[in-house]
Amino acid sequence: MIVAVAGCPHPPLLLRGITGRAVAEVERLQAACLAAIGELLAAGPDRLVVVGGAAPGEDDKALSIVVGRLLLNQAGCRLPIEHLVIAADSPPADCLRVGRALASSALAAGGDGATGLLVMADGSARRSLKAPGYLDPRAAPFDDGVQACLAAGRLAGLADLDPVLAAELLVAGRAAWQVLAGAVGEVAGRTTLHYSDDPFGVWYPVFSWLPAS
Amino acid sequence: MLELAGRSFDSDALLIMAIVNRTPDSFYDRGATYAFDKALERVAEVVAAGAEIVDIGGVKAAPGDEVDTAEEIRRTVDFVARVRAEHPDLIISVDTWRHEVGRAVCAAGADVLNDAWGGYDPRLAEVAAEFDAALVCTHAGGVQPRTRPHRIFYDDVLADVLSRTVDLAERAVELGVSRHKIMIDPGHDFGKNTWHSLELTRRLDEMVATGWPVLVSLSNKDFVGEALDLPLDQRLLGTLATTAICAWQGARVFRAHNVAETRQVLDMVAAIRGSRPPKRAVRGLA
């Protein structure tokens with residue numbers, strides 16, 4: 001079963017050394033990611049799956065997976081790490097199906113099947129005039145909707161995210177969130193939001209989620 | 001490797017030697033820091049602006065009022081002692097050609113003797129050896145101190161620069177100066193017209209290739225002024241352009257009046273070269 005979930009964004013800024021000298025905003029974000037992953041690991045999973053979207057042609061070298069692996073490494077994770085890469089433009093139904101299959105594999109793994117998910121996803125890159133994609137007034141409401149699902153612990157709600165709008169808003173996390181929705185389904189849980197900010201005009205949500213037992 | 005005041009600097013380090021004149025008549029500052037307290041304020045300012053070294057001078061380079069050895073000592077020695085006391089980690093250089101002055105300032109705490117007149121007094125290198133001080137070996141074309149170049153010609157200015165500075169450096173090593181404490185300086189405008197200074201700037205990499213750390217003293221000099229036909233107070237941009245060109249070719253120490261601006265140029269060169277990361281790279285990476 002899925003024993004815990006952590007969610008982190010995957011900006012290149014989290015790659016080691018890429019900011020030159022340390023940048024305070026990035027350090028705060030990274031610390032939040034490590035805290036969320038700390039909770040994921042504390043739930044005692046036997047296996048870890050990193051779920052991330054991939055741009056066309058990215059596959060296993062997808063930025064989302066690279067950043068996810070790096071964060072796990074930095075958090076001291078010693079478990080074997082599996083990848084689940086989903087094309088970032090996959091239709092919601094495909095994402096949900098992949099998520100359900102992931103949940104089944106977690107069940108099928110039997111006694112050692114305590115699975116932890118690290119879902120790499122971030123929100124709109126169009127949240128301000130200086131944002132990478134310039135300001136789109138629809139960005140904040142879209143991200144607020146995601147945050148409401150996360151905060152309520154009702155991850156199934158992520159299944160309803162509009163893929164067309166998400167693409168227009170440069171949301172890099174939509175497909176991965178919908179895999180998560182498929183994997184967790186209607187299981188209720190409790191979310192801790194470790195970070196929610198947009199220091200560079202891109203929304204970065206960091207959370208951990210534990211199923212209500 | 002370059003060793004100054006007990007610290008080691010690798011070839012990526014770009015150091016600023018800030019000019020601090022205890023003179024009433026130097027060409028750029030025109031006596032602004034002649035007074036003891038003004039000079040001391042200047043030291044604090046240049047340290048805050050990012051200079052690793054101060055170069056204290058008691059005699060202007062150009063011809064002018066006679067400054068004898070006693071007067072040069074009066075201007076420099078107590079001041080060096082005070083700077084040493086106030087800035088224990090600062091690298092202190094003194095710009096002098098006289099060995100008597102060299103001995104007195106080393107005893108007062110100087111770390112570097114900047115022999116800007118090309119070994120005119122051969123005993124200055126002996127003093128550097130005696131005090132285990134560093135030494136700048138400069139090309140001045142064999143002229144007398146405090147003279148202007150007049151109808152000086154070279155078959156090949158850089159060949160002359162190389163042979164004289166390397167000979168001075170090797171001689172200093174023979175006298176006992178540590179090999180890691182010697183810098184060579186092409187001596188822009190010293191015994192050279194503007195064409196000469198421009199050529200040796202253009203070919204500075206040949207000097208770097210000797211392996212001796214290269215110091216350049218470019219700041220607001222006449223070759224910059226003549227290259228751009230600009231008066232003294234408008235030579236900063238030309239100086240900084242020259243600084244970047246020299247740094248790119250491998251010069252390691254930069255004697256300068258305008259420390260904050262020079263620091264920015266050197267940091268930028270280091271960032272381009274890849275020896276120093278950007279301070280904050282986030283654009284396009286969010």
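Q: Which residues is A18(B) in contact with, leaving aside its neighbours within four places in sequence?
A: In this predicted model, they are V46(B), A51(B), I53(B), V54(B), D55(B), A256(B) and V259(B). Contact here means C-beta atoms within 7 Å.

Q: What makes A18(B) part of a nonpolar core?
A: Such a core joins buried nonpolar residues through C-beta atoms within 7 Å. A18(B) is among those with the most contacts inside the largest core, which has 77 residues. V54(B), V80(B), A110(B), V112(B), A128(B) and L135(B) are listed with it.

Q: Where does the other core, of 70 residues, lie?
A: Apart from the largest one. Its residues include A32(A), C33(A), I37(A) and V202(A).

Q: How many residues of chain A are buried, as a percentage?
A: The share is 47% of the 213 residues. To count as buried, a residue needs 20 or more other C-beta atoms within 10 Å of its own.

Q: In what order do the elements of chain A run?
A: From the N terminus on, the order is β-α-β-α-β-α-β-α-α-α-β-β. That comprises six helices and six strands.

Q: How many residues of chain B are in contact with chain A?
A: Eight, and they meet twelve residues of chain A. By class, the chain B side has six nonpolar, no polar and two charged residues.

Methods: Residues are numbered from 1 along each chain as its sequence is written. Chains are lettered from A and ligands numbered from 1 in the order in which they are written. This is a predicted model: local features need pLDDT of at least 70, side-chain atom pairs count only at pLDDT 80 or more; totals for chains, interfaces and linings use all residues. Two residues are in contact if their C-beta atoms, placed from the backbone, lie within 7 Å. Ala, Val, Leu, Ile, Met, Phe, Trp, Tyr, Cys and Pro count as nonpolar, Asp, Glu, Lys and Arg as charged, and the others, Gly among them, as polar. A residue is buried if 20 or more other C-beta atoms lie within 10 Å of its own, exposed if 12 or fewer, and partly exposed in between; C-beta atoms are placed from the backbone. Helices (H or I, at least four residues) and strands (E, at least two) are DSSP runs, numbered from the N terminus.
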